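Trainee: I am new to this kind of model and would like to learn how to read it feature by feature. Could you take me through it slowly?

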Amino acid sequence: MSELELGDGGQQGNSGRPGRVWRACLECRKKKSKCDGNDVCKPCRNRNRACIYPESNDNASTSRQFLATLDERFQKVETLCQHMEKMMAKFDEVIGSLESLKHQVPNASVHVSQSMHKETANEPDLGDTMSSNGAQVALIKDGQVDEGEEFEDGNEETDDETSINIQDHVMTRDSYGKLRYVGGTGTMVLIEALKTLSPEAGMGNTPPTPVDLRHRETNTSILELPFFDRGRTWPPLPFLPKAEQLIRPPRYVSDLLVNLYFDHLHFSMPVIYKPHFMQRYNVLINDRSGKTLDPGFLSVFFAVCACASGLLPREPGNPGMFTGLQYYESALLLYYKSTGEGSIEQVQCLALLSMCTAGWNTLTQSWKFAGQAVRAAQDLGLHRSPERGTGETLKEELCRRVWWSVYGLDRLLSICLGRPMGVEDSDCNCEIPLDLDDDELELYCKEQPDLRIKPATPSQLAGFIAFSKLCQISGKVIRAVNPLRWQKGRRRSTTSRLSGKEKLFESLDAELFEWLNTVPDSIRFSANSVNYDSPHLTMCVILYIVHAACVINLHRPLIPDLNRVSFSSKHPSFLQCVSAARSCIGVAELIQARVPPSHHLAFCTHYLALSGVLILRLSSLTHEDATRDVEACIHHLTELENVWVGARRNRLIIEELLKQSKISTSIWDMGEIGTDEMGEYILGEEGMGIDLRGFDFG
């Protein structure tokens with residue numbers, strides 16, 4: 001028995017003989033039985049009784065108690081002081097070595113815990129499959145830390161000629177035993193200190209004594225990062241229903257909605273992996289009792305049903321606002337039920353709810369969900385490279401698909417609303433996913449790396465991969481045209497500022513041109529294909545409009561002066577904007593037939609309307625008749641009213657602007673294309689004739 005395990009009543013001296021019992025509980029006194037004096041004595045513990053000791057006014061008894069425990073208490077304090085002295089010495093060594101770490105690669109980092117949950121073949125668990133991605137450090141049981149490989153980030157730009165590879169983040173277990181991402185210089189100082197205190201790191205060259213080993217065994221539970229308290233989880237939220245209390249759709253309805261989702265939405269945002277989803281879906285659908293329900297997967301299932309409900313046929317003239325609301329509510333309740341947890345199902349649920357609400361033309365709520373999905377993904381470390389050289393290619397690939405799905409979702413909605421983006425590219429180094437279909441991915445990953453052969457033809461995800469790369473460029477464009485970026489550089493001379501701006505814009509224009517040349521021919525020329533229902537055609541329309549939006553946002557600020565007609569109309573950026581706007585209108589006839597209700601439809605409709613406004617504005621400079629293009633834009637928006645309610649509002653705006661352009665030649669200055677600028681114009685004096693009832697510019 002160690003000195004830390006002794007009771008308070010029956011003490012043990014240095015000779016090993018039991019000391020005198022100086023107190024007895026009330027129950028033992030009543031029964032006149034022998035009491036051992038511990039906090040909960042043995043007779044009370046055996047009979048499951050309350051063990052209560054009476055208060056004593058006997059000074060002699062108090063003195064005997066104090067003397068009996070003084071020696072043991074002194075030994076505890078002495079052992080604790082020795083341990084703290086060793087900790088402070090090691091901590092001083094870590095602080096002193098920080099300066100040298102700046103000039104050398106660290107020779108030790110930490111592996112992911114080998115006790116991670118493993119995916120089974122019969123019932124794959126996406127939460128455990130992907131919660132461990134990108135991990136460089138995992139603090140596991142008893143505060144121990146395993147050593148492992150280092151993290152290499154080749155995307156970071158440094159001022160030095162050679163980049164310094166320094167570990168900058170860790171994956172630590174939370175209160176639920178799941179891995180969570182934390183990083184930063186301060187955290188890494190703490191991690192280095194914990195590594196020196198772990199049993200693997202040792203306390204020096206001298207072998208530890210048995211007393212040291214007993215002390216470590218007793219106190220290693222405290223050697224953990226302070227961000228999570230092991231075992232302390234969120235209490236159940238009583239006002240939220242349990243998973244088994246939520247009403248699930250009948251089998252024939254759920255089968256229809258799931259098939260609709262994978263046929264029309266999945267290839268544009270592959271946030272879930274179809275083989276794993278279908279296996280868990282079959283388990284869910286065959287268990288009507290609800291005894292084996294997984295609340296996380298059930299939330300994803302309800303979110304899938306909510307998204308697919310927008311694809312059901314509607315009556316003409318009825319856009320079907322808030323279709324699938326009951327499934328949306330169930331998914332949201334289950335998400336809130338998981339408060340405090342961190343899982344891949346949370347990321348998937350939030351991303352799908354964002355897609356669903358965008359299809360309802362509630363873009364502000366969709367943008368909020370997208371931001372939450374980004375934060376939930378970063379909480380799991382999905383924004384960092386999942387490649388660890390462990391051979392788990394399938395898990396790594398699923399991590400990439402989830403991350404780039406929420407990345408594109410947030411990027412598109414932020415550009416559409418003109419709001420800050422939730423992802424900073426310099427913080428991420430997750431690779432682009434492989435160009436493989438879901439049914440090919442698992443077989444490909446099982447092959448040895450030198451025996452893997454990619455299919456000769458592009459997969460259904462080829463459009464999504466091209467879209468992800470375009471989203472990266474679009475973020476650079478938005479940051480380049482941000483006025484705050486150039487206001488911060490006012491101290492520099494005007495000449496150097498303009499020169500740097502022109503070089504940046506030229507490089508972005510070249511990057512857009514290079515991206516266009518890398519788009520697979522199966523997508524670029526999909527409109528000429530016999531298979532009109534091909535996913536490549538849908539992604540072709542989306543990519544076409546997103547690319548045109550990037551061109552408009554990049555070149556519109558470069559037009560020098562709209563009041564100087566002779567100069568502005570001949571400027572190359574003027575022609576680029578007009579050409580991109582007419583391209584949007586030209587491809588608009590395919591939007592209704594090919595783009596499903598989602599964030600993609602919201603973005604395409606938004607930039608179709610902005611193209612009409614832009615052509616109408618720029619044509620006033622050259623006195624050209626743009627009526628044909630504008631009326632075509634109005635015609636396409638009228639057709640889109642059956643699938644997206646926001647199209648009607650855009651149509652009314654352009655119709656009013658067209659009327660005013662025929663009776664007025666007043667010039668109004670328009671900044672960066674976006675919803676806020678359009679709203680400012682309409683709310684101003686020039687837009688007094690427009691009916692604003694029911695308009696939602698969010």
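**Reading the chain step by step**

Mentor: Let us begin with the contacts, where contact means heavy atoms within 4.5 Å: residues 24 or more positions apart account for 74% of the contacts in the chain with a separation of 6 or more. Please keep in mind that this is a predicted model, in which local features need pLDDT of at least 70 and side-chain atom pairs count only at pLDDT 80 or more, while totals for chains, interfaces and linings use all residues. Residues are numbered from 1 along each chain as its sequence is written, and side-chain values use heavy atoms, with hydrogens and water left out.

Trainee: How many helices and strands are there in the chain?

Mentor: Helices (H or I, at least four residues) and strands (E, at least two) are DSSP runs, numbered from the N terminus. By that rule the chain has 26 helices and four strands.

Trainee: What share of the residues counts as buried?

Mentor: Buried means under 20% relative accessible area, exposed means over 50%, and partly exposed lies in between, with a 1.4 Å probe and protein chains only. Of the 698 residues of the chain, 47% count as buried.

Trainee: Which residues of helix H21 are buried?

Mentor: An α-helix has 3.6 residues a turn, so residues three or four places apart point the same way. In H21 the buried residues include Phe-574, Cys-577, Val-578, Ala-581, Cys-584 and Ile-585.

Trainee: Where does Cys-577 sit, and which residues is Cys-577 in contact with?

Mentor: Cys-577 belongs to helix H21, residues 572–587, and it counts as buried because its relative accessibility is 0%. Leaving aside neighbours within four places in sequence, Cys-577 is in contact with Ile-552, His-555, Arg-556, Ile-559, Leu-614 and Leu-618. The C-alpha atoms of Cys-577 and Val-551, which are 26 residues apart along the chain, are separated by 6.8 Å.

Trainee: How many disulfides does a search of the whole structure find?

Mentor: A disulfide is a covalent bond between the sulfur atoms of two cysteines, and here it is taken as a pair of cysteine sulfur atoms within 2.5 Å. A search of the whole structure finds zero disulfides. For Cys-307, the nearest cysteine sulfur is that of Cys-356, 5.1 Å away, and Cys-307 is buried, with a relative accessible area of 5%. For Cys-416, the nearest cysteine sulfur is that of Cys-604, 9.7 Å away, and Cys-416 counts as buried at 3% relative accessibility.

Trainee: Where is Asp-438 found, and is Asp-438 buried or exposed?

Mentor: Asp-438 is found in helix H14, residues 438–446, and with a relative accessible area of 10% it is buried. Its contacts, leaving aside neighbours within four places in sequence, are His-266, Ile-272, Tyr-273, Lys-274, Pro-275 and Arg-401.

Trainee: What is phi in Lys-32 and in Asn-361?

Mentor: Phi of Lys-32 is near 55°, a positive value in a residue other than glycine, and Asn-361, also not a glycine, has a positive phi of about 65°. Lys-32 is in the loop between helix H1 (26–31) and helix H2 (42–47) and is exposed, with a relative accessible area of 76%. Asn-361 lies in the loop between helix H11 (344–359) and helix H12 (363–379), and at 7% relative accessibility Asn-361 counts as buried.
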